[in-house]
Every structure is written in C-alpha cells, then in structure tokens.
Amino acid sequence: MDNGVRFNFIKNNKFKTSMIGVFFSTPMTAKNVSINALIPAILRRGTEKLSTMKEISKKLESLYGAKFDCGVSKKGENQIIRFYGEAVNKKYTGTNQDTLGELADLINDVIFNPVLDNGKFKADYVSQEKEQVKDIIESRKNDKVQYALERCYELMFYCFQVKFAYNWNLTFE
C-alpha cells in the first residue's frame, strides 16, 4: 500500500454480517466543504459497470440484501468522506458466493470507476445533487433545536476564529 494508506481488518465470527468501509479525511476549508458534500452523492449514482442507482440496488439484492451507503461528516478540522457497506457472511448463505468481496468490488467501482459523460461527471447528476444538498441544508431550519445548536457552534467557533468554523451557505463553483 501507498505511504499514508492504512488497512484495518478485524476478524470476528460473532456476527452474521461483515462490514467494509473506505474513509478519506481531508482538511476542511471554505473551498472544499461544498465539493466534499457533493462527491459521495454524485459517485453513488452509478459506475461504469452499473450505470444507475437501480442497477446498484439490484446488485445489492443479489448479495442477499447487502447494504451500501456513503456520505460526509465533520470530525474536528477535517471532513471525512465515507463509503461503507455490510454483507451477510457467505457461511450463512448456503453458497460459495463471496458477498463481502463483491461488495468491496462495488465500493471500489463507486469510488474509482464512476459513470462519466465525456470524462466528466454527468451534468444532470451534478445539478440534481446540488439541489438535494441545498434542500437538506435548508430543511435543517425546520428542526429549530438542531438548527439553533448548529448556529451556536458556527458563531462560537467563528468568535474564536477556529479553523473549522464554517457556515452552510454553500457555493458550488
């Protein structure tokens, strides 16, 4: 593996499912906070092999209802872009199908082989996901307690000029 890349594997036979995750940590800046919010949403839309979300769903069903998700979160001064999933262990399927391996392949394809249009993300996917992220952010105002808490953090961190202070007035340029 490349320098700075870590792989962790914890074997445990107590559970009927196994989980796999790929996490990218990047310093949070005003320039990348918006893009990082969009990347997982756009990537989950399709791969070269499975070009639609419907095809991805069918693949997950063929893996005995495996689960896959992705997103972004904040941890300190960093954003964590995460791709993760869960699949039933093959000893419980009654077959030799490597469900976890196939799920790992799917996650790899989502990250490294996304569906593209002339070498770029599909424009309609990008515009739809921009709107979706904006809608999610605007809907947070409907939860007054959560919104007040988030605004408190923003103002508090802004006052102390902490590097990871940011607001949700996203710009997509």
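What follows is a working chat about a predicted model of one protein chain.

Biologist: What kind of model is this, predicted or experimental?
Modeller: Predicted.

Biologist: How many helices and strands does the protein chain have?
Modeller: Five helices and five strands. Along the sequence the pattern reads β-α-α-β-β-α-β-β-α-α.

Biologist: And how much of the chain counts as buried?
Modeller: 31% of the 173 residues.

Biologist: What share of the contacts comes from residues 24 or more positions apart?
Modeller: 67%, taken over contacts with a separation of 6 or more.

Biologist: On to the sheet of three strands. What is the strand order?
Modeller: β1-β3-β2, in an open sheet with antiparallel pairing. The edge strands are β1, residues 17–27, and β2, residues 67–75. Each of them pairs on one side only. From one strand to the next, the twist averages 15°.

Biologist: How many bridges join β1 to β3?
Modeller: 11, with β3 covering residues 78–88. Gly21 sits opposite Tyr84 of β3. Met19 has Glu86 in β3 as its bridge partner.

Biologist: How many join β2 to β3?
Modeller: Nine, and these two strands also run antiparallel. Lys74 faces Gln79 in β3.

Biologist: Which strands does helix α1 touch?
Modeller: β1, β2 and β3. Helix α1, residues 33–43, packs on the sheet, and its direction makes about 20° with that of β3.

Biologist: At what angle to β3 does α3 run?
Modeller: About 150°. Helix α3 spans residues 99–112 and lies across β1, β2 and β3.

Biologist: Let's talk cores. Which residues touch the most other members of the largest nonpolar core?
Modeller: Leu60, Phe68, Phe83, Leu103, Leu106, Ile107 and Val110, out of 16 residues. The elements giving two or more residues are α2, β2, β3 and α3. The largest share, five residues, comes from α3.

Biologist: Why would such residues sit together?
Modeller: In soluble globular proteins, nonpolar side chains tend to be buried together.

Biologist: What does Ile107 touch, apart from residues up to four places away in sequence?
Modeller: Ile20, Val22, Phe68, Phe83, Tyr84 and Gly85.

Biologist: Which residues are included in the second core?
Modeller: Ala37, Ile42, Val126 and Ile137 are among them. That core has six residues and is separate.

Biologist: Switching to rings. How many aromatic pairs are there?
Modeller: One. Phe24 and Phe83 form an edge-to-face pair, 6.3 Å centre to centre with 85° between the planes.

Biologist: Is Phe83 buried or exposed?
Modeller: Buried, because its relative accessibility is 1% and the cut-off for buried is under 20%. Phe24 counts as partly exposed, at 35%.

Biologist: What sits over the ring of Tyr125?
Modeller: The charged end of Arg45, 4.1 Å from the ring centre.

Biologist: Now Ala66. Where is it?
Modeller: Ala66 is in the loop between α2, residues 53–62, and β2. Ala66 is buried, with a relative accessible area of 9%.

Biologist: Which residues does Ala66 touch, not counting residues up to four places away in sequence?
Modeller: Leu60, Glu86 and Ala87.

Biologist: How far apart are the C-alpha atoms of Ala66 and Glu102?
Modeller: 9.9 Å, while the two residues are 36 apart along the chain.

Biologist: Last one, Thr99. Buried or exposed?
Modeller: Thr99 is buried, at 2% relative accessible area. Thr99 lies in helix α3.

Biologist: What is Thr99 in contact with, leaving aside neighbours within four places in sequence?
Modeller: Leu63, Tyr64, Ala87, Val88, Asn89, Lys90 and Thr93. Ala87 also touches Ala66.

Technical notes
Residues are numbered from 1 along each chain as its sequence is written. This is a predicted model: local features need pLDDT of at least 70, side-chain atom pairs count only at pLDDT 80 or more; totals for chains, interfaces and linings use all residues. Side-chain values use heavy atoms; hydrogens and water are left out. Two strands pair if DSSP finds at least two bridges between them. Helices (H or I, at least four residues) and strands (E, at least two) are DSSP runs, numbered from the N terminus. Axes are lines fitted to C-alpha atoms, for helices over the stretch in contact, and angles run from 0 to 180 degrees between N-to-C directions. Contact means heavy atoms within 4.5 Å. Buried means under 20% relative accessible area, exposed over 50%, partly exposed in between (1.4 Å probe, protein chains only). A nonpolar core is a set of buried Ala, Val, Leu, Ile, Met, Phe, Trp, Tyr and Cys residues joined through side-chain atoms within 4.5 Å. Rings of Phe, Tyr and Trp (its six-membered ring) pair if their centres lie within 6.5 Å; planes under 30 degrees apart count as stacked, over 60 as edge-to-face and the rest as tilted. A charge sits over a ring if NZ of Lys or CZ of Arg is within 6 Å of the ring centre and within 35 degrees of the ring normal.
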